[in-house]
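Hi everyone, thanks for making time.

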Amino acid sequence: MPRTSSLRAWWARRPPAAGAAVMATGILSVGLRQTGHDVLSRIALALTCAAWLALAADFVLRLVRERDRWRAEAVTPGSLTAVAATTVLGTRLTAAGRPVLAWTLLVLAAVLWPVLLANVVRHWGRRMPGSVFLCCVATQGLAVLAASLARAGSVAWPAHAALALFWLGLVLYGLALVHFDPRQVREGPGDHWVAGGALAISALAGATLLAAGDGGPYLWNADDRDALRTVTVALLVLDLAGYTVLLVAEVLWPRTRYDVRRWATVFPMGMTAVATLSVAAAVDVPWLKGPGEVLLWVAVAAWSAVAAGAVADGRASLRSRAPR
């Protein structure tokens, strides 16, 4: 019983930003599937499903039993990981041939998105951490999932909705950039990487929209496709440049202590890899696949390091609460 009580106390301290762990694991599952590592991808998918179910149950329990705490957390940018994590899982399930589950997750994310987004944006401050870019990530996550379902089911309307979300996500990125504190690149505990991750998921959304128009229903004319292609490539270039800056910052200002916000470092790393691989296929640039695979394994290594840190932190927390 004491051990169980300690575990509950540790879990109760979990911040909303812990949803980034689901996002990080889910996007690695997508990337591993893209590169033909099906067994590892399925393992990552199983972990993603288990973590998402646990976090979803906790989300509902807080909404029902701890309404005041739920409201307080719903105004923080980290709350948007609930939407982003749901869309990442839905995207992976679409690739796995589970459209009913994916559509269910899309509806759930679409219901949560406007409520949480409105709460978060209303409470933005002048100097915000990197999690401010989750407004873009959550919106582009919806775009990616809707476009993926449009492509899988050869249905046009989700792709058109995804295109609107894609452009809205870019507007939200610009607004978030105004509120972002650039000192976070040097001082941030890990979520400053979301500044790059938002560009990566935007590039992925563009690539998925381009792919949805290939071999399916008529979606884009030549001008639309050229504009979408140009913006998508530009987003990937910006993302890779940002990735380089953030990686150099990690070398110059090492942050070796575990922090739950480190999952928000792994997610952009994995998303950059998946975006690179997806853009390579969508715009027919085969040489990008090599860098994409390298970036994927860098993300896998980062995931392993953060997971080890999370386990060690959890064990230390449980020991500190155990009766003497």
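This is a predicted model: local features need pLDDT of at least 70, side-chain atom pairs count only at pLDDT 80 or more; totals for chains, interfaces and linings use all residues.

Okay, let's start with α6. This helix runs over residues 99–122, so to speak, 24 residues in total. From its first C-alpha to its last it reaches 34 Å, close to the 34 Å you'd expect at 1.5 Å a residue. Still, there's a kink in α6 of about 30°, and you'll find it at Trp-113, shortly before the proline Pro-114.

Trp-113 also turns up among the buried residues of α6.

Now, empty space. Rolling a probe the size of a water molecule over the atoms shows where some is left. In this model there's one cavity of 30 Å³ or more, and the largest cavity holds about 60 Å³ of space. Which helices each supply at least two residues of its lining? Those are α2 (19–34), α5, α7 and α10 (194–212). The most comes from α5, with three residues. If you want to click along, the lining includes Ile-27, Val-30, Thr-87, Val-88 and Thr-91, as well as Gly-141, Val-144, Ile-201, Leu-204 and Met-271. By type, that lining divides into seven nonpolar residues, three polar and no charged.

Next, the second largest pocket, which has a volume of about 590 Å³. It's lined by 22 residues, and the closest to its centre are Gln-34, Arg-151, Thr-208, Ala-211 and Ser-278. Here α2, α5, α7, α10 and α12 each supply at least two lining residues, and the largest share, five residues, comes from α12.

Last stop: Trp-287. Where does Trp-287 sit? It's in the loop between α12 (263–282) and α13 (289–321). Buried or exposed, then, for Trp-287? The relative accessible area of Trp-287 is 64%, and exposed means over 50%, so Trp-287 counts as exposed. One more distance for you: Trp-287 and Glu-66 are 221 residues apart in sequence, and in space they are 51 Å apart, C-alpha to C-alpha.

That's my tour, and I'm happy to take questions.

Technical notes. Residues are numbered from 1 along each chain as its sequence is written. Side-chain values use heavy atoms; hydrogens and water are left out. Helices (H or I, at least four residues) and strands (E, at least two) are DSSP runs, numbered from the N terminus. The expected span of a helix is 1.5 Å times one less than its number of residues. The bend at a residue is the angle between axes fitted to the seven residues ending there and the seven starting there. Buried means under 20% relative accessible area, exposed over 50%, partly exposed in between (1.4 Å probe, protein chains only). On a 1 Å grid over the protein atoms alone, a cavity is a set of points where a 1.4 Å probe fits but cannot get out, and a pocket is an open set with protein on both sides within 12 Å along at least five of seven lines; lining residues have an atom within 4 Å of a point. Grid points are joined across faces, edges and corners, and a volume is the space filled by probe spheres set on the points. Ala, Val, Leu, Ile, Met, Phe, Trp, Tyr, Cys and Pro count as nonpolar, Asp, Glu, Lys and Arg as charged, and the others, Gly among them, as polar.
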